[in-house]
Amino acid sequence: MSVVLESVLEIHPQVAVRPETFGALAYHYGNRRLIFLKHPDVVTVVQALNDHPDVQSTLSACGVTQDRWPSFIAALSSLETSEVVRERQIAS
Amino acid sequence: MSAKSLVEEMKRGLDAPICLTWELTYACNLQCVHCLSSSGQRDERELSTAEAKKILDDLRDLQVFYINIGGGEPMVRRDFFELLEYSIANGIGVKFSTNGAFIDTEKAQRLAAMDYLDIQISLDGIDAATNDAVRGEGSYDMAIRAMENLKAANFGQFKISVVVTRHNVSQLDQFKALADHYGAQLRITRLRPAGRGADTWHELHPTNAQQREIYNWLLKHGENVLTGDSFFHLNALGESLPGLNMCGAGRVVCLIDPIGDVYACPFVIHDEFKAGNVRDEGGFGKVWKESDLFLSLREPQSAGACASCGAFDACQGGCMAAKFFTGLPLDGPDPECVGGDADEALAIISRGSEPKPSMDHSKPVTLTRKKLSVSASH
């Protein structure tokens, strides 16, 4: 699956995100990978994913203007590949 | 942001280390000739269980993702499992290095039941002769037995950790095969002239021709082999090896030693690279964020004598610790500079005049000799 505006995402439960001046470091406890989030706005969006119904509403809520959406979709897609974010699982 | 500017960011330091080594004890059942921390005997000032847990609390608050535990032999500590469990329960993953002596069937099962735990078994030769010459009589069998026990307990992918020396460069393929046999991952690291390694480095470090061999081997296998980014000085040979091409000391890396002293990296146990102590007011966090030493290491570093060399961008002048303990200036070439630029300077440094490690916990020579003569009589 690749990320689109309608995607419903969450931070992977095995991932910890630590803010840094350049953005954030994310660490995946499962695959032991360290991933760099290279822009503070991407960090804000990633951390807000769980609070909104989908990607588009998250972007809007975080004040990301429409012209920047494509680059955020690309960033989220790459974060999905590295399992920092994933499709939201319905809590059982 | 490009990969290059990311490295520039990292050079300015992070809010917390991403690679923190914590040596739990100076006590060790072995007496390896290249031991980075000159371990052997316990230091009576070593951190108590309560103090160790306080450090883990601090690391949790700093959001340190995982720690590398070593020693000495960390499993010698009676509270080893207690600290392991405390760390993991607090969201700090653990990777620990061991010679394997204490991983019996029962311990292997206990370790296999834990999450967020990685184990590195040290092995410096593919056969007992090569390994035991460096790590001591019986240490090869010890390591293999631990691997067998971990395998039998279904631990999963542990790591086999090899320090590359003149005598095992030719065995890299065999190490890889051994790792594959155990479903393990191979990790190879650079021999540093630190601790007792300072005394044996001249005899053990790979020759210039062997360095090229290591470089070529890593180009071929690098994606599946861990290196702790320790071979970046070889990047001067051409294409960059995978990993961050920089010295992480005090920027993304540091060491907490068994008595709580904080050093810039695991290879520089020397007063000049001591940033503070976790027992100081403000604890580890203050040392990491505010110590004069770490702040100065995060400033742009001078290329010095290497400034005019075309390879500097590739090799970054190599390893600070390797320069320091071989008596070379820190703003010049690495002692293993592949361009040979350190050879002349190294040749005129009189052996014995190099800086000595600040502490030595080696067992008394008489004890070691006795052991050696006993084993020689077998």
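Predicted model: local features only at pLDDT ≥ 70, side-chain atom pairs only at ≥ 80, totals over all residues.
**Exercise 1. Find the residue that follows α6(B) and say what its phi is near.**

**Exercise 2. Check the span of α6(B) against its residue count.**

Solution. Start with the count: helix α6 of chain B covers residues 139-152, which is 14 residues. At 1.5 Å a residue, that should give a span of 20 Å. Now look at the end C-alpha atoms: they sit 20 Å apart, so the two values agree.

**Exercise 3. Work out which residues of α6(B) are buried and what they pack against.**

Solution. First, pick out the buried ones: Ser139(B), Tyr140(B), Met142(B), Ala143(B), Ala146(B), Met147(B), Asn149(B) and Leu150(B). Next, see what these buried residues pack against: α4 (105-112), β4 (117-122) and α5 (128-135), which belong to chain B too.

**Exercise 4. Decide how α2(B) lies relative to α3(B): roughly parallel or oblique?**

Solution. Take α2 (residues 49-61) and α3 (residues 80-89) of chain B; their axes are 10 Å apart and the packing angle is about 20°. Angles under 35 degrees count as roughly parallel, so α2(B) and α3(B) are roughly parallel to each other. As for handedness, the crossing is right-handed. Now for the residues that meet: α2(B) brings Thr49(B), Ala52(B), Lys53(B) and Leu56(B), while α3(B) brings Glu82(B), Leu83(B), Tyr86(B) and Ser87(B). Sort them by class and you get four nonpolar, two polar and two charged.

**Exercise 5. Locate Phe273(B) and decide whether Phe273(B) is buried or exposed.**

Solution. Look in the loop between β8 (261-263) and β9 (274-277) of chain B, and there's Phe273(B). Count the other C-beta atoms within 10 Å of Phe273(B) and you reach 24. The cut-off for buried is 20 or more, so Phe273(B) is buried. Leaving out residues up to four places away in sequence, Phe273(B) touches Tyr263(B), Ala264(B), Val268(B) and Leu293(B). Phe294(B) is 21 residues from Phe273(B) in sequence, with 8.8 Å between their C-alpha atoms.

Notes:
Residues numbered from 1 in each chain as written. Chains lettered and ligands numbered in written order. Axes fitted to C-alpha atoms, helices over the stretch in contact; angles between N-to-C directions. Helix = DSSP H or I, 4+ residues; strand = E, 2+ residues; numbered from the N terminus. Parallel < 35°, antiparallel > 145°, perpendicular 65-115°, else oblique. Left-handed = near helix turned anticlockwise from the far one by under 90°. Contact = placed C-beta atoms within 7 Å. Nonpolar A, V, L, I, M, F, W, Y, C, P; charged D, E, K, R; others polar. Expected span 1.5 Å × (residues − 1). Buried ≥ 20, exposed ≤ 12 C-beta atoms within 10 Å, placed from the backbone.
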